[in-house]
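Me: I have a structure to read and I am new to this. Can you take me through some features?

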Amino acid sequence: IEWKTYWLDKQLKMEDTAGLEFPPHDQHSLKNNILSGITLGAWIKLLIRRGHGIEWKTYWLRLLFITALATVNSLIAFVEWIFYRKAIREAKINQQPVFILGHPRTGTTLLHNMLSLDTDLFSFSSTFQVGFPSTFLVMERFKSLMAGVIDDKRPMDNMPLSFDVPQEDELAVNVRCCCGGGPEGDGRAHRHALRSHIERHGCSVLSV
């Protein structure tokens with residue numbers, strides 16, 4: 001009952017603010033952007049589909065930054081495809097994964113982090129792997145060079161954040177599938193993002 005009341009109140013507040021203009025913020029911020037690992041093709045598709053809702057003059061710096069990263073990501077992704085396409089294609093997915101499901105702010109991240117400590121039973125995708133799902137096999141050894149694109153704390157709850165902490169698997173799908181475009185690719189993004197850990201440990205995978 002409490003959750004339903006909270007949800008209804010939130011919906012009413014959203015309806016009350018519909019159509020209002022909000023002042024821009026973080027227009028010059030280049031950190032903590034979920035699109036940092038997107039490739040150029042997916043970025044162009046996203047701009048075509050959602051470009052009408054972008055304030056281009058306000059967020060031009062962020063758009064330029066993502067475009068530059070997307071270009072580099074595409075070049076590295078091509079190199080990764082050359083060297084790792086056979087291993088990715090032959091990767092075996094564990095048939096007994098563990099799924100952690102729950103409403104926001106109910107402790108799913110905490111449970112995910114706790115289970116990931118048991119490396120004998122579980123493996124997990126790191127923030128770097130899901131953030132750069134098309135290039136991490138090549139770039140993970142150089143990830144320290146990209147440390148400047150994230151903060152030390154998560155902005156929404158002040159929890160520790162780094163490229164090595166466990167992260168939600170579906171973020172990789174969102175980045176590879178044009179951010180919210182749906183589960184295109186028949187799960188290839190999950191297979192790509194988790195290949196190294198599955199082959200190394202042969203154990204269950206945490207998916208939030």
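Reply: Start with helices: they are DSSP runs of at least four residues, numbered from the N terminus. This model is predicted.

Me: Where do Lys-86 and Glu-90 lie?
Reply: Both lie in helix α3. They are four residues apart, about one turn of the helix.

Me: What joins Lys-86 and Glu-90?
Reply: Side chains of opposite charge can pair when their charged atoms come close. Here Lys-86 forms a salt bridge with Glu-90, and their closest N and O atoms are 3.2 Å apart. Glu-90 is partly exposed, at 47% relative accessibility.

Me: How many salt bridges are there?
Reply: The count is four. One of them pairs the side chains of Lys-31 and Asp-151, at 3.2 Å from N to O. Lys-31 is in the loop between α1 and α2, and Asp-151 is in the loop between α6 and α7, so this pair ties together parts 120 residues apart in sequence.

Me: Which residues do shared partners join into one network?
Reply: Glu-140, Lys-143 and Asp-164. Within it, Lys-143 and Asp-164 meet at 2.3 Å, N to O.

Me: Now the core. Which residues have the most contacts inside the largest nonpolar core?
Reply: Look for buried nonpolar residues joined through their side chains. The largest core has 14 residues, and Phe-128, Phe-132, Met-146, Val-149, Ile-150 and Phe-163 have the most contacts inside it. Its largest share, four residues, comes from α6.

Me: What is the volume of the largest pocket?
Reply: About 690 Å³. Of its 30 lining residues, the closest to the centre are Arg-154, Met-156, Leu-161, Gln-167 and Leu-171. By class, the lining has 14 nonpolar, twelve polar and four charged residues.

Note on methods
Residues are numbered from 1 along each chain as its sequence is written. This is a predicted model: local features need pLDDT of at least 70, side-chain atom pairs count only at pLDDT 80 or more; totals for chains, interfaces and linings use all residues. Side-chain values use heavy atoms; hydrogens and water are left out. On a 1 Å grid over the protein atoms alone, a cavity is a set of points where a 1.4 Å probe fits but cannot get out, and a pocket is an open set with protein on both sides within 12 Å along at least five of seven lines; lining residues have an atom within 4 Å of a point. Grid points are joined across faces, edges and corners, and a volume is the space filled by probe spheres set on the points. Ala, Val, Leu, Ile, Met, Phe, Trp, Tyr, Cys and Pro count as nonpolar, Asp, Glu, Lys and Arg as charged, and the others, Gly among them, as polar. A nonpolar core is a set of buried Ala, Val, Leu, Ile, Met, Phe, Trp, Tyr and Cys residues joined through side-chain atoms within 4.5 Å. Buried means under 20% relative accessible area, exposed over 50%, partly exposed in between (1.4 Å probe, protein chains only). Helices (H or I, at least four residues) and strands (E, at least two) are DSSP runs, numbered from the N terminus.
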